[in-house]
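Subject: Structure for you to look at

Hello,

Here is the structure I promised to pass on. Please open it first, then read my notes below.

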Amino acid sequence: MSADATDGQVAATVGFRPEEIDTAAPTRAARLKWVIVVDGTLPAGRAVNAAACVAAATSPAVTGLLGGPAVDAAGSEHVGLPWAGCSVLAADGAALVRIRERAAASPEVFVADMPVSAQLTRVYDEYLEAVAGQAPEDIAYAAVGLVGPRNRVDRIVGRLPLL
C-alpha cells in the first residue's frame with residue numbers, strides 16, 4: 001500500500017492489532033518493522049527534514065504505531081513515541097527509487113515518500129504542480145518510509161547502513 005504524491009490515498013490499512021501491541025517487548029519482537037531510508041548524499045538539514053516529513057505522514061496512517069504518553073515524576077505528560085522503533089537508513093537516489101518501487105508493489109507494506117521536489121519550494125501547491133508534471137519514472141526521492149512485515153521490509157531494504 002502506498003501513500004504518495006501521485007494518489008494521496010492509502011489503499012488498505014497496515015498496522016498493529018491491539019493484541020500485538022507489547023510495549024514491554026524489545027522492538028525486534030514486533031511483527032511490523034518501520035524504516036525510513038534517506039538519500040545519504042543530502043546535507044544534514046535536508047536529510048533530517050526528509051525523515052521528519054516521511055515520519056509525519058506515516059504515524060497517523062499506521063494503526064498502533066505510537067505508544068501511550070510517558071509521565072514524568074512531576075506528572076507532566078510527554079507524547080507517545082513509536083513503541084516498535086524506527087530505523088533511519090541511508091541509500092543513494094537510485095536505490096531509493098528501487099526501494100519505493102519494490103515496497104509499493106507489496107500490498108502488505110505501507111509506503112510514504114518525499115519526492116525531491118518537495119524541498120524545492122515553500123508553497124505546497126507548487127510542490128503538487130511539480131509532481132503532477134513528472135512521469136512516475138522521473139521522480140527522485142529525498143526519503144522513503146516503509147512499514148510492513150519485518151521479513152518483507154528486510155528483503156526490500158537489504159543491509160543498508162544507518163544514516
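Start with burial. Of the 163 residues in the protein, 39% are buried. Keep in mind that this is a predicted model.

Next, overall size. The C-alpha atoms fill a box of roughly 50 × 35 × 30 Å, taken along the principal axes. The radius of gyration is 16 Å. A compact globule with 163 residues would come near 15 Å, so the protein agrees with that expectation.

Now the contacts along the chain.

On to secondary structure. The protein has four helices and nine strands. Read from the N terminus, the order is β-β-β-α-β-β-β-β-α-β-α-β-α.

Helix α2 covers residues 93-104, and helix α4 covers residues 150-157. They pack at an angle of about 150°, and their axes are 9 Å apart. Angles over 145 degrees count as roughly antiparallel, so α2 is roughly antiparallel to α4. Their crossing is right-handed.

Which residues of α2 and α4 make the contact? From α2, they are I99, R102 and A103. From α4, they are R152, R155, I156 and V157. Sorted by class, four of the contact residues are nonpolar and three are charged. No polar residue takes part in this contact of α2 with α4.

Best wishes

How values were computed
Residues are numbered from 1 along each chain as its sequence is written. This is a predicted model: local features need pLDDT of at least 70, side-chain atom pairs count only at pLDDT 80 or more; totals for chains, interfaces and linings use all residues. Side-chain values use heavy atoms; hydrogens and water are left out. Axes are lines fitted to C-alpha atoms, for helices over the stretch in contact, and angles run from 0 to 180 degrees between N-to-C directions. Helices (H or I, at least four residues) and strands (E, at least two) are DSSP runs, numbered from the N terminus. Angles under 35 degrees count as roughly parallel, over 145 as roughly antiparallel, 65 to 115 as roughly perpendicular and the rest as oblique. A crossing is left-handed if the near helix is turned anticlockwise from the far one by less than a right angle, and right-handed if clockwise. Contact means heavy atoms within 4.5 Å. Ala, Val, Leu, Ile, Met, Phe, Trp, Tyr, Cys and Pro count as nonpolar, Asp, Glu, Lys and Arg as charged, and the others, Gly among them, as polar. The radius of gyration is taken over C-alpha atoms; the globule rule is 2.2 Å times the number of residues to the power 0.38. Buried means under 20% relative accessible area, exposed over 50%, partly exposed in between (1.4 Å probe, protein chains only).
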